[in-house]
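Reader: Hello, I have a structure here that I would like to walk through with you. Could we go over it together, one question at a time?

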2 protein chains.
Amino acid sequence: MNRIEICDVGPRDGLQNEARTLDPGIRAQLCDRLAAAGVPRVEAVSFVHPKRVPQMAGAEEVMAALHRVEGVVYAGLVLNERGYDRAIAAGVDEIHYAFPATDTFCERNQGMTVADALGVGERIVGRAHDDGLPVSVTISVAFGCPFEGRVEPAKVFGLAETLTGFGPDELMLADTIGVGVPSQVRELVAGVAAFGLPVGCHFHNTRNTGYANAVAAVESGVALLDASSGGTGGCPFAPRATGNIATEDLVYLLHGMGLETGISLEAMLETAAWLSEQLGKELPGQTYKAGTFAPVAA
Amino acid sequence: MNRIEICDVGPRDGLQNEARTLDPGIRAQLCDRLAAAGVPRVEAVSFVHPKRVPQMAGAEEVMAALHRVEGVVYAGLVLNERGYDRAIAAGVDEIHYAFPATDTFCERNQGMTVADALGVGERIVGRAHDDGLPVSVTISVAFGCPFEGRVEPAKVFGLAETLTGFGPDELMLADTIGVGVPSQVRELVAGVAAFGLPVGCHFHNTRNTGYANAVAAVESGVALLDASSGGTGGCPFAPRATGNIATEDLVYLLHGMGLETGISLEAMLETAAWLSEQLGKELPGQTYKAGTFAPVAA
């Protein structure tokens, strides 16, 4: 396997945790820049209530304003069926549903237990099937929870087995608060992949383990990784923490290891610099500041 | 192998690339904090000419002011025999000699060719043997050179073979400008280890590959890693770039993977926060900002 698919979740997971809210038009421009750079999949919007996440208000406007590029998948995150209705109406290409692995986080984030969130997931996967849309399900805080601490792998495996029964197109394991390490990645990926669905990973670089985790995931057979241009985002539970692993730094790393992504590193460096200006701050991505280097692999 | 030895090079490689110069007394305090945290080896000083690297002026004062802890090795970097004389007079426990793998960088950094630098290395290793001191030799820019680009592994292997003949106690491979990726790490470590000496690695996180490289090194059998508390340092060739991988983030990662370092993570987080104050800036280390988390491995 020489090709890794990167889904840029910057327009959603990145921007929803930034202090400065960007207008839908700017967020659509970000999606356009990502598509132009060759990013095959973009998590463009979140259909959460704008009162809960003001940074994500105007998801429909974002979807209407972006210029679709043939072959690029524009996905929307939904947390419930009301969000699903909006996603369908806005014309997303793919549904992303996510819920936390722990009850405490699930209650705080989604106002329900994990058992109830599984039920919502079953209905959303079923509706996506009926509507002929691909659907991806993410298990959040799979590597650790800010409230409950370490999450037992057996818990994640149990959720993955149940979800596999619903028949989504893939399962994503998310280290939402950036506490995971490569040995955990290998254990969780191997255990979840055993149920038979494609497994992807979503890492935050909160404690500088994100890129090492990404390498461990790829070496465990994962062919789909989330990342955000510039490494935007943060963690509501750690105010000084940074966000997702940066798409352009991940591309630098993967290309250096001889893996393909189909993404132009140069275009992504320009996008990170542009996004830094839009947000009025330096972003955690490093390569856009340090510059590229003669390729380390042919 | 469950134990990884970390050498904190912050007092030397970290601080020599910081804009603010710290007094020898503060640098000695940093060494004391590292020793108290359980760091087994500290690169405390550099015996370069203070006109060339003002941040390293007063190496003798640092060595005189620090409070030696039994079992901790206080090393000094030397680039020539004059530096070696000073290191002996100052009472270091261990000699570190470093030279770049490429002629262009070697001329710029040390005013000589690689061939000449090998000759200096042979004499320094010989003198350390005569003086009964351990001596470590670092091949700098082994993963890439800002002037010559990619460094062929064969070049590094040739240098390593010659150096092995001199009989130092270990060889270090340094990614001085932070361009390496894990596949390179594995190739270089395997090739150099074949000559029979213990191999250590020195990574910079300039493009966010440093921690992934550290994991690759450990998995390749490397039991010695350099790091700097807080991730201090930088790169004269990339003004906005960050420095070494941060000791505390590396400790978080290694401990999470069930490896031992003998270092207190809590003490290192306090040291990073203290050093951030001394330097008057936020440091690249992440865990001291994000906070720890319930241990991910027992």
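Reader: In which strand of chain A is A:Leu77 found?

Author: Residues are numbered from 1 along each chain as its sequence is written, chains are lettered from A and ligands numbered from 1 in the order in which they are written, and side-chain values use heavy atoms, with hydrogens and water left out. This is a predicted model, where local features need pLDDT of at least 70, side-chain atom pairs count only at pLDDT 80 or more, and totals for chains, interfaces and linings use all residues. Strands are DSSP runs of E with at least two residues, helices are runs of H or I with at least four, and both are numbered from the N terminus; on that scheme A:Leu77 lies in strand S3 (residues 73-78).

Reader: Is A:Leu77 buried or exposed?

Author: With a 1.4 Å probe and protein chains only, buried means under 20% relative accessible area, exposed means over 50%, and partly exposed is in between. Leaving out residues up to four places away in sequence, A:Leu77 touches (heavy atoms within 4.5 Å) several residues, including A:Val45, A:Phe47 and A:Tyr97. Its relative accessible area is 7%, so A:Leu77 is buried.

Reader: Where is A:Asn208 found, and what is its phi near?

Author: A:Asn208 sits in the loop between strand S7 (199-203) and helix H9 (210-219) of chain A. This residue counts as buried because its relative accessibility is 3%. A:Asn208 is not a glycine, yet its phi is positive, near 65 degrees.

Reader: How many of the ten residues of H9(A) are buried?

Author: Among the buried residues of H9(A) are A:Gly210, A:Tyr211 and A:Val218. Just after the helix, A:Gly221 takes a positive phi of about 100 degrees. H9(A) is largely enclosed by the rest of the structure, because the number of its residues that are buried is nine.

Reader: What is the area buried between chain B and chain A?

Author: In this pairing, 45 residues of chain B are in contact with 45 residues of chain A. B:Arg207, B:Asn208 and B:Arg240 supply 21% of the area that chain B buries against chain A, more than any other three residues. Buried area is the accessible area (1.4 Å probe) that two parts lose on being put together, summed over both. Carbon and sulfur atoms give 56% of the total, which is about 3,400 Å².

Reader: Which side chain meets A:Arg186 in a salt bridge?

Author: A salt bridge is a side-chain nitrogen of Lys or Arg within 4 Å of a carboxyl oxygen of Asp or Glu, and the rule finds two across this interface. For A:Arg186 the N to O distance is 2.6 Å, and the partner is B:Glu219.
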